[in-house]
Amino acid sequence: MLKGVKCKLLRINLSDKSYREEVIPDEYFVKFIGSGGLAIKYLFDELKPGIDPLGPENKLIFAVGPITGSKAIYSSRCSLTSKSPATGTIGVATAGGYFPTELKMLGYDMIIIEGKAEEPTYLYIKDGKVQFKSAAVIWGAKTPDAMRLMKQELHDEDIKSAVIGPAGENLSN
């Protein structure tokens with residue numbers, strides 16, 4: 001086994017509210033360097049040409065690299081990869097904070113989110129289980145307020161989250 005990787009991904013389908021763990025082959029971590037490279041590999045293999053970037057066929061991938069969660073400085077980074085509605089090509093953004101390290105601590109190198117929820121939904125992942133929660137209580141809230149409301153609803157002050165906020169809700173570029 002390679003050091004710094006879990007060789008697991010969590011695939012979440014919003015359309016049917018299902019999830020499953022999958023094994024990531026060891027050789028992918030050598031051939032497709034970094035979290036962005038790994039995520040692009042999955043999008044290349046799984047997306048059909050010409051799909052609508054805002055449609056249910058697109059995927060959003062959160063991926064972390066081998067040093068995420070280590071003591072290295074600036075190691076809590078996460079790649080967010082998807083077909084971009086702004087360009088129509090693959091887009092990769094990075095983010096930091098607590099979420100990337102928490103993702104690695106859950107035991108995953110990637111989360112692939114696919115499908116489309118019938119209503120605004122957020123995901124609560126804990127102890128290997130995914131809960132699909134109504135986002136009605138947080139919809140329209142600014143990011144810090146949404147995080148506070150989720151902590152209150154879940155009775156868990158220690159959660160770490162990735163939140164889209166009003167810009168994401170309104171499909172801003």
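Residues are classed here as buried when their relative accessible area is under 20%, as exposed when it is over 50%, and as partly exposed in between (1.4 Å probe, protein chains only). The structure is a predicted model, in which local features need pLDDT of at least 70 and side-chain atom pairs count only at pLDDT 80 or more, while totals for chains, interfaces and linings use all residues. Residues are numbered from 1 along each chain as its sequence is written, and side-chain values use heavy atoms, with hydrogens and water left out.

The chain contains five helices and eight strands, taken as DSSP runs numbered from the N terminus (helices: H or I, at least four residues; strands: E, at least two). From the N terminus on, the order of these elements is β-β-α-α-β-β-β-α-β-β-β-α-α. The radius of gyration of the chain (taken over C-alpha atoms) is 16 Å, close to the 16 Å that the globule rule gives for 173 residues, so the chain is as compact as a globular protein of that length. The globule rule is 2.2 Å times the number of residues to the power 0.38. Along its principal axes, the C-alpha trace spans about 40 × 40 × 30 Å. Of the 173 residues, 39% are buried. Among contacts (heavy atoms within 4.5 Å) with a separation of 6 or more, 53% are between residues 24 or more positions apart.

Nonpolar cores were defined as sets of buried Ala, Val, Leu, Ile, Met, Phe, Trp, Tyr and Cys residues joined through side-chain atoms within 4.5 Å. The largest core has 16 residues, of which Ile24, Leu38, Tyr42, Ile61 and Met110 touch the most other members. Two or more residues each are given to this core by helix H1 (26-31), helix H2 (34-46), strand S3 (59-63) and strand S6 (110-114). Helix H2 supplies the largest share, four residues. Not counting residues up to four places away in sequence, Leu38 touches Ile24, Tyr28, Phe29, Phe32 and Met110. A second, separate core of 13 residues includes Leu14, Leu103, Ile111 and Val130. Helix H2 also holds Ser35, which is buried with a relative accessible area of 13%. With the same exclusion of residues up to four places away in sequence, Ser35 touches Ala63, Val64, Gly65 and Ser79.

Salt bridges (a side-chain nitrogen of Lys or Arg within 4 Å of a carboxyl oxygen of Asp or Glu) number 10 by this rule. Lys8 pairs with Glu21, the closest N and O atoms being 3.6 Å apart; this pair links strand S1 (residues 8-13) to strand S2 (residues 18-23) across 13 residues. Arg11 and Glu46 form a salt bridge at 2.8 Å, N to O, which connects strand S1 with helix H2 over a separation of 35 residues. Arg11 is buried, because its relative accessible area is 6%, whereas Glu46 is partly exposed at 28%. Lys59 and Glu114 meet at 2.4 Å, N to O, and link strand S3 to strand S6, 55 residues apart. Both Lys59 and Glu114 are buried. Salt bridges that share partners join Arg11, Arg20, Glu22, Glu46, Lys59 and Glu114 into one network.
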